[in-house]
Amino acid sequence: GRAGRDGEPARCLLFAESRDKGLHVFFIQRARLTPEDFDRVGERLTWAGCDGRYDMPVSDLAGALSDRGPDDAEAVRAVLGHLARAGVLTPAPAPSDRAVGRITGGWDRHSQAVCVASSREAERVRWSQYRAVWGYVEGDDCRRRALLDHFGDGSGGAPLDGVPCCDVC
């Protein structure tokens with residue numbers, strides 16, 4: 001939000017419960033991709049490509065993913081992103097229900113290894129973010145100072161007029 005930007009005092013509330021952790025873990029684990037996911041989508045795009053281009057419904061690609069339904073467009077976009085990082089394809093702008101782009105490289109074991117490594121790094125980052133968020137929620141350090149540090153504000157974050165600046169202080 002924009003609270004406090006006018007120099008006036010502002011308040012915010014943080015709502016978090018320990019049971020929220022389970023939901024976060026669920027989403028991190030649900031985003032996990034397998035090597036077979038990359039194989040199936042990579043092969044399907046390669047076979048569907050005409051003149052080095054592909055244009056197909058996202059639901060067709062979602063159906064190729066293991067343990068996922070035809071509506072898992074988020075997983076398809078993640079796979080396409082990892083395939084792009086591996087140099088297999090270059091996505092093009094498209095409606096949200098279509099995958100469009102150019103095949104720019106071959107699908108082989110090296111491409112798969114790059115995709116798997118990229119996917120694992122993305123999961124590592126999600127776990128790091130999870131730990132950072134819950135460290136903030138459950139920590140005993142000043143929350144205002146943590147937010148100022150996060151956004152690069154080096155002002156020191158001293159409370160104004162001796163008023164506590166957060167629930168921890």
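This report walks through a few helices, a sheet and a surface patch in a predicted model.

## How to read the model

Because this is a predicted model, local features need pLDDT of at least 70 and side-chain atom pairs count only at pLDDT 80 or more, while totals for chains, interfaces and linings use all residues. Residues are numbered from 1 along each chain as its sequence is written, and side-chain values use heavy atoms, with hydrogens and water left out.

Let's begin with Phe27, which lies in helix 1, residues 19-30. Helices (H or I, at least four residues) and strands (E, at least two) are DSSP runs, numbered from the N terminus. Phe27 is partly exposed, at a relative accessible area of 45%; buried means under 20%, exposed over 50%, and partly exposed in between (1.4 Å probe, protein chains only).

Together with Leu23 and Phe26, Phe27 makes a nonpolar surface patch of about 300 Å². Patches are made of residues with over 30% relative accessible area and no salt bridge, joining like charges within 9 Å and nonpolar side chains (Val, Leu, Ile, Met, Phe, Trp, Tyr) within 5 Å. A salt bridge is a side-chain nitrogen of Lys or Arg within 4 Å of a carboxyl oxygen of Asp or Glu. Accessible areas come from the Shrake-Rupley method with a 1.4 Å probe, and for residues only the protein chains shown count as cover.

## Helix 2 and Thr46

Now find Thr46 in helix 2, residues 35-48. Thr46 is partly exposed, with a relative accessible area of 38%. Leaving aside residues up to four places away in sequence, Thr46 touches Ile103 and Trp107; contact means heavy atoms within 4.5 Å. Thr46 and Pro9 are 37 residues apart in sequence and 57 Å apart in space, C-alpha to C-alpha.

Three strands form an open sheet in the order 1-3-2, with antiparallel pairing. Strand 1 (53-57) and strand 2 (89-91) are at the edges with a single partner strand each, so one side of each has no neighbour in the sheet. Two strands pair if DSSP finds at least two bridges between them. Strand 1 and strand 3 (residues 98-103) pair in the antiparallel sense over five bridges, and Pro57 stands opposite Arg98 in strand 3.

## Helix 6

In helix 6 (residues 143-150), the buried residues are Arg143, Arg145 and Leu148. These buried residues pack against helix 5 (109-138). After helix 6 comes Gly152, with a positive phi near 75°.
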